[in-house]
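Please look over the sequence and the structure first.

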Amino acid sequence: MAADAALAHADGLGIAIAVAVVDDTGAPLVLIRVSRAQPSVAELALDKAYTAAVTGAPSEGFGRHMLSQPNLALGLANRPRLLPWGGGIPIVIDGQLVGAIGVSGSIEADDIACAEAGIAGLA
C-alpha cells in the first residue's frame, strides 16, 4: 500500500508525517497521521494529494506553473485545496491517472521523498 510505504520511509528518516491517498478526482481514500505529527499536517497532506490528482502533476510543479503567469497565480491562489508545496505526486498506472499521494510534516524534500517511496511501494 502506498501509504504504508510512505510511512515506513518517514520512520526510517525519523520524521513524523501525515500521508493521504486520493482517487483521480481528489476524493480521500486514506488519511493517516502519526501521533507525533502536528494535527494540521493531515489537511496539508490531503491538499497536496488533491492538487496532484486534479492537475495531474506534482504539487511543487503546480506552484512553479502558478508563478509563471501573474493572473493565473492571483486566480488560483484563491481556490481552496490547491497547494503549491512539494509532497503531492500523481499515481499513474498503465498510463492512466488513478489518484495521488500527499505527504506533509517535514521539510519539502523529505515530504517529496516519502511520497516517492509511497509510489514505489505500489510496484
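The model is predicted. The chain holds five helices and four strands, and from the N terminus on its elements follow the order α-β-β-α-α-α-β-β-α.

**Overall form**

- The C-alpha trace of the chain spans about 40 × 35 × 20 Å along its principal axes.
- The radius of gyration of the chain is 13 Å, which agrees with the value near 14 Å that a compact globule of 123 residues would have.
- Of the 123 residues, 42% count as buried.
- Among contacts between residues at least 6 apart in sequence, 62% join residues at least 24 apart.

**The sheet**

- Four strands form an open sheet in the order S2-S1-S4-S3, with antiparallel pairing.
- S2 and S3 stand at the edges and have a single partner strand each, so one side of each is left without a neighbour in the sheet.
- Neighbouring strands of this sheet are turned by 15° against each other on average, direction ignored.
- S1 and S4 pair in the antiparallel sense over six bridges; within this pairing, Gly-102 in S4 is the bridge partner of Ala-20.
- H2 packs on the sheet and touches S1, S2, S3 and S4, and its direction makes about 155° with that of S4.
- H5 lies across S3 and S4 and runs at about 140° to S4.

**Helix H2**

- H2 takes in residues 40-55, which is 16 residues. From its first C-alpha to its last, H2 reaches 23 Å, close to the 22 Å expected at 1.5 Å a residue.
- The buried residues of H2 are Val-41, Ala-42, Ala-45, Leu-46, Asp-47, Lys-48, Ala-49, Tyr-50, Thr-51, Ala-52 and Ala-53.
- The cover over these buried residues includes strands S1 (18-23), S2 (28-33), S3 (88-93) and S4 (96-104), as well as helices H3 (59-67) and H5 (108-120).
- Just after H2, Gly-56 takes a positive phi of about 70°.

**Salt bridges**

- The count of salt bridges comes to two.
- One of them is between Arg-81 and Asp-47, where the closest N and O atoms are 3.6 Å apart. This pair links distant parts of the chain, 34 residues apart: Arg-81 is in the loop between helix H4 (70-77) and S3, and Asp-47 is in helix H2.
- Arg-81 is partly exposed, with a relative accessible area of 33%, whereas Asp-47 counts as buried at 18% relative accessibility. The cut-off for buried is under 20%.
- Lys-48 forms a salt bridge with Asp-111, and the closest N and O atoms of this pair are 2.9 Å apart. Lys-48 lies in helix H2 and Asp-111 in helix H5, so the pair ties together parts that are 63 residues apart in sequence.
- Lys-48 counts as buried at 3% relative accessibility, and Asp-111 is buried too, with a relative accessible area of 1%.

How values were computed
Residues numbered from 1 in each chain as written. Predicted model: local features only at pLDDT ≥ 70, side-chain atom pairs only at ≥ 80, totals over all residues. Heavy atoms only, no water. Helix = DSSP H or I, 4+ residues; strand = E, 2+ residues; numbered from the N terminus. Expected span 1.5 Å × (residues − 1). Buried < 20%, exposed > 50% of the residue type's maximum accessible area, 1.4 Å probe, protein only. Contact = heavy atoms within 4.5 Å. Pairing = 2+ DSSP bridges. Axes fitted to C-alpha atoms, helices over the stretch in contact; angles between N-to-C directions. Salt bridge = Lys/Arg side-chain N within 4 Å of Asp/Glu carboxyl O. Rg over C-alpha atoms; globule rule 2.2 N^0.38 Å.
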